[in-house]
Amino acid sequence: MRTLRWVLFGILAASAALTLVGLPELQRAVAAGRWPPAALALPPAFLAVFIVGYAAYRFVLVRAGRYPAGKAFVQLGLMLLVLGVVAGIARERGRPPVASPVDLARALTSSDADVRAMAAELLRHRPRAAALPQVPRLVDLLADPELAVRDQARETLVALAGSDAGGEGPGAADRWRAYWREQGVLPTAQP
């Protein structure tokens, strides 16, 4: 019995390590195509092996009258619940993203001011690398006739720059263009 206890402890430790440390790395490897998606079943499978061994161990103890049956039943139920959660996490995170983000270039040049303002605002919440190609359009929106569009464009430029590098008001578009040229986002001005 003592040997089985140590074997179960080893399986539990390996399962915990594989789930907590190995699962994120395994998910990255599956996403990169280095491992097949079925590899995401390894952490839950290891945990299932532990649960089966633990159930057998507890069954022997209950039969020998050395462990209460109700307590063993509750422990096994909780372990099955944890197994379901781990399997769900592994399965959910192994899925590819549902759709790629919408290209906002057309929305930023829409004839509808509300669409332009929403596109400028939404761009602020995109990853910086995805938003930087839209900087020229955002700078152009600083001269938009609608205040809401100008405000959203400026707020997005501030968020991307990390500071209010160009300010607002007359000449703001030129200051922002100069700033983004210095950053290498916009091409340098031709003489």
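# Briefing: salt bridges, cores and surface of a predicted model

The structure holds eight salt bridges. A salt bridge here is a side-chain nitrogen of Lys or Arg within 4 Å of a carboxyl oxygen of Asp or Glu. The model is predicted: local features need pLDDT of at least 70, side-chain atom pairs count only at pLDDT 80 or more, and totals for chains, interfaces and linings use all residues. Residues are numbered from 1 along each chain as its sequence is written, and side-chain values use heavy atoms, with hydrogens and water left out.

**Confidence**

- The protein averages a pLDDT of 85. That score is the predictor's confidence in each residue, from 0 to 100.
- 94% of the residues score at least 70.
- Among the elements, helix α5 (residues 113–123) has the highest mean pLDDT, at 94. Helix α1 (residues 2–31) has the lowest, at 81.
- Helices (H or I, at least four residues) are DSSP runs, numbered from the N terminus.

**Salt bridges around R177**

- D140 pairs with R177 in a salt bridge, with the closest N and O atoms 2.9 Å apart.
- D140 belongs to helix α7 and R177 to helix α9, so this bridge ties together parts 37 residues apart in sequence.
- D140 is partly exposed, with a relative accessible area of 47%. R177 is also partly exposed, at 24%.
- The cut-offs are under 20% relative accessible area for buried, over 50% for exposed, and partly exposed in between (1.4 Å probe, protein chains only).
- R177 also meets D174 in a salt bridge (3.5 Å, N to O).
- R177 and D174 are three residues apart in helix α9, about one helical turn.
- D174 is exposed, with a relative accessible area of 52%.

**Salt bridges around R154**

- R154 forms a salt bridge with E168, and their closest N and O atoms are 3.8 Å apart.
- R154 sits in helix α8 and E168 in the loop between α8 and α9, so the pair ties together parts 14 residues apart in sequence.
- R154, E155, D164 and E168 are linked in a network of salt bridges.

**Nonpolar cores**

- In soluble globular proteins, nonpolar side chains tend to be buried together.
- A nonpolar core here is a set of buried Ala, Val, Leu, Ile, Met, Phe, Trp, Tyr and Cys residues joined through side-chain atoms within 4.5 Å.
- The largest core has 26 residues. L108, V135, L138, V139, L157, W176 and W180 touch the most other members.
- Helices α5, α7 (135–141), α8 (147–161) and α9 (172–182) each supply at least two residues of this core.
- Helix α8 gives the largest share of this core, six residues.
- Another core, of 13 residues, lies apart from the largest one. Its members include L47, L76, M79 and L83.

**Selected residues and their contacts**

- Contact means heavy atoms within 4.5 Å. The contacts below leave out residues up to four places away in sequence.
- W176 touches V139, L142, L157, V158, A161, S163, D164, A165, G166 and G167.
- A173 lies in helix α9 and is buried, with a relative accessible area of 15%. A173 touches V139 and L142.
- The C-alpha atoms of A173 and A72 are separated by 70 Å, with the two residues 101 apart along the chain.
- T156 is in helix α8 and is buried, at 0% relative accessibility. T156 touches A120, E121, L123, R124 and L138.
- R116 lies in helix α5. This arginine is buried, with a relative accessible area of 10%.
- R116 touches A107, L108, S110, S111, L141, D144, E146 and V149.

**Nonpolar surface**

- F73, V74, L78, L81, V85 and I89 form a nonpolar patch on the surface. Their accessible area together is about 610 Å².
- Accessible areas come from the Shrake-Rupley method with a 1.4 Å probe; for residues, only the protein chains shown count as cover.
- Patches are made of residues with over 30% relative accessible area and no salt bridge; like charges are joined within 9 Å, and nonpolar side chains (Val, Leu, Ile, Met, Phe, Trp, Tyr) within 5 Å.
- V74, one of the patch residues, lies in helix α3 (residues 69–93).
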